[in-house]
Amino acid sequence: SDNGPETIQDLAYSRAMNYDHWSAAPLRGGKRDIYEGGHRVPLIVTWLDQVPKGKVSNAIVSQLDIFATLAAVVEYELPDDAAEDSFNQLDVFRGIDTEGPRKHLVYNTIKSEYGIRYNNDVYLKARDGYTSSTPSNAFNSKYGYTKDDHKNGQLFNFTNDQAQKNNMIKGNYKRVSSSIKDKVDFLEKLLTQIQRNPESPRSLPECDAMVHQCSPTIDAVL
């Protein structure tokens, strides 16, 4: 699939229940969802004598980055007002840079629901991450999910929860630790900054996830 298995008319979910084949495994969600299974797919790059064989990278790469990367291949310097959301991933493809230039990625399918990834943290500013079809209780039980419907959004960390089963801000938000609340606040502000920033995201200030702020601070930019 181009961006997650089709869930309209329960297609992917019924296939998983009837034939034990969940197309997006181990990811959660299907096509158009802002869960990871709605958009994350493998990227395979080949380029003789330029891209090393058999290498695997965990760097964040978006389809949007193809533009800036190809510009780098032909040694063309992009102005800030061209392909504003694109990052040059050439050094990642060549195996020179293991982390890559892209630290954040915005998820969006419908107008009212957004998600943002920053390094391994993913915050969904929505009650859940489904936009097309919600899986049945039987599917959730079979694959180890609980129904998510949280007014404060959802926060996941891919270091130990790639399947997005553990929402770190579920339940009574008043009981969530201050460190988690700080992280949610940081990600919400970063998302707002990206949405409002009139300049290219390539020129956004560098952010420090350890102290949950950008330099200059996100508040100052807003």
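This is a predicted model: local features need pLDDT of at least 70, side-chain atom pairs count only at pLDDT 80 or more; totals for chains, interfaces and linings use all residues.
Local features required pLDDT of at least 70 and side-chain atom pairs pLDDT 80 or more, while totals for chains, interfaces and linings use all residues. Residues are numbered from 1 along each chain as its sequence is written, and side-chain values use heavy atoms, with hydrogens and water left out.

The chain contains six helices and six strands, taken as DSSP runs (helices: H or I, at least four residues; strands: E, at least two) and numbered from the N terminus. Read from the N terminus, the order of elements is α-α-α-β-β-β-α-β-α-β-β-α. Where contacts (heavy atoms within 4.5 Å) link residues at least 6 apart in sequence, 57% join residues at least 24 apart.

Helix H2 spans residues 65-73, and its residues Asp 65, Ala 68, Thr 69 and Ala 71 are buried. These four lie on the same side of H2 because they cover an arc of only 155° around the axis, based on the directions from the helix axis to the C-beta atoms. The buried residues of H2 pack against helix H3 (90-93). On the face turned away from the buried side, Phe 67 and Leu 70 are exposed. Glu 75, which follows H2, has a positive phi near 60°.

Methods: Buried means under 20% relative accessible area, exposed over 50%, partly exposed in between (1.4 Å probe, protein chains only).
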